[in-house]
Amino acid sequence: MVTFRQMSIFVAVARQGSFRASAEKLGLSQVVVSTHIRELERDLGTSLFERRSGHPAALTEAGHHALNRISAILAEVADLRQELAG
């Protein structure tokens with residue numbers, strides 16, 4: 001099952017272009033970030049990043065599509081929270 005945490009971490013990695021930098025920014029270990037991304041990829045049934053040692057985390061075509069959709073989902077949830085908060 002895809003979680004909001006996985007989606008948030010995915011967006012952070014996509015925007016930072018780095019698993020390590022995203023982990024530092026989120027206050028998580030790189031292992032935790034990588035685990036969440038692997039689980040998200042497993043749940044979605046596709047690879048979201050091209051992984052090459054020593055290179056930035058580049059989105060695959062599916063990753064670009066997922067980034068657009070997931071960003072919209074997270075924005076909708078943020079809007080809902082604001083609406084409900086008053």
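Okay, so let's start with a crossing: helix α1 passes helix α4 in a left-handed way. Left-handed here means that the near helix is turned anticlockwise from the far one by less than a right angle, and right-handed means clockwise. Before I go on, a word on the source: this is a predicted model, local features need pLDDT of at least 70, side-chain atom pairs count only at pLDDT 80 or more, and totals for chains, interfaces and linings use all residues. Residues are numbered from 1 along each chain as its sequence is written, and side-chain values use heavy atoms, with hydrogens and water left out. When I say helix or strand, I mean DSSP runs, H or I of at least four residues for helices and E of at least two for strands, numbered from the N terminus.

Back to α1 and α4. Their axes come within 10 Å and cross at roughly 125°. That makes α1 oblique to α4. The cut-offs for those words: under 35 degrees is roughly parallel, over 145 roughly antiparallel, 65 to 115 roughly perpendicular, and the rest oblique. The axes themselves are lines fitted to C-alpha atoms, for helices over the stretch in contact, and the angles run from 0 to 180 degrees between N-to-C directions.

So which residues in α1 and α4 meet? From α1 you have F4, M7, S8, F10, V11, A14 and R15, and from α4 there are G63, A66, L67, I70, S71, I73, L74 and V77. Contact, by the way, means heavy atoms within 4.5 Å. Sorted by class, that α1 and α4 contact has 11 nonpolar, 3 polar and 1 charged residues. For the classes, Ala, Val, Leu, Ile, Met, Phe, Trp, Tyr, Cys and Pro are nonpolar, Asp, Glu, Lys and Arg are charged, and the others, Gly among them, are polar.

Staying with α4 for a moment: the helix covers residues 61-85, so 25 residues, and reaches 36 Å from its first C-alpha to its last, close to the 36 Å expected at 1.5 Å a residue. That expected span is 1.5 Å times one less than the number of residues. The buried residues of α4 are G63, A66, L67, I70 and V77. Buried means under 20% relative accessible area, exposed is over 50%, and partly exposed is in between, with a 1.4 Å probe and protein chains only. What covers those buried α4 residues? The cover includes α1 (4-16), α3 and β2 (58-59).

Next up, α1 against α3. These two pack at an angle of about 110°, with axes 9 Å apart, and are therefore roughly perpendicular to each other. The crossing of α1 past α3 is left-handed. On the α1 side you'll find R5, Q6, I9, F10 and V13, meeting V32, V33, H36, I37, E39, L40 and D43 of α3. That contact divides into 7 nonpolar, 2 polar and 3 charged residues.

Let me pick out a few α1 residues. Skipping neighbours within four places in sequence, V13 is in contact with S18, F19, S22, V33, I37, F49 and A57. V13 and A23 are 10 residues apart along the chain, and their C-alpha atoms are separated by 8.2 Å.

Q6, also a residue of α1, counts as buried at 3% relative accessibility. Beyond residues up to four places away in sequence, Q6 touches M1, H36, E39, L40 and D43. Then R5, in helix α1 too, is partly exposed, with a relative accessible area of 44%.

Last pair: α2 (residues 19-26) and α3 (residues 30-44). Their axes come within 8 Å and cross at roughly 110°, so α2 and α3 are roughly perpendicular to each other. This crossing is right-handed. F19, R20 and A23 of α2 make the contact with Q30, V33, S34 and I37 of α3. By class, that's 4 nonpolar, 2 polar and 1 charged residues.

And finally R51, out in the loop between β1 (49-50) and β2. R51 counts as partly exposed, at 45% relative accessibility. Leaving aside neighbours within four places in sequence, R51 is in contact with F19, I37 and E41.
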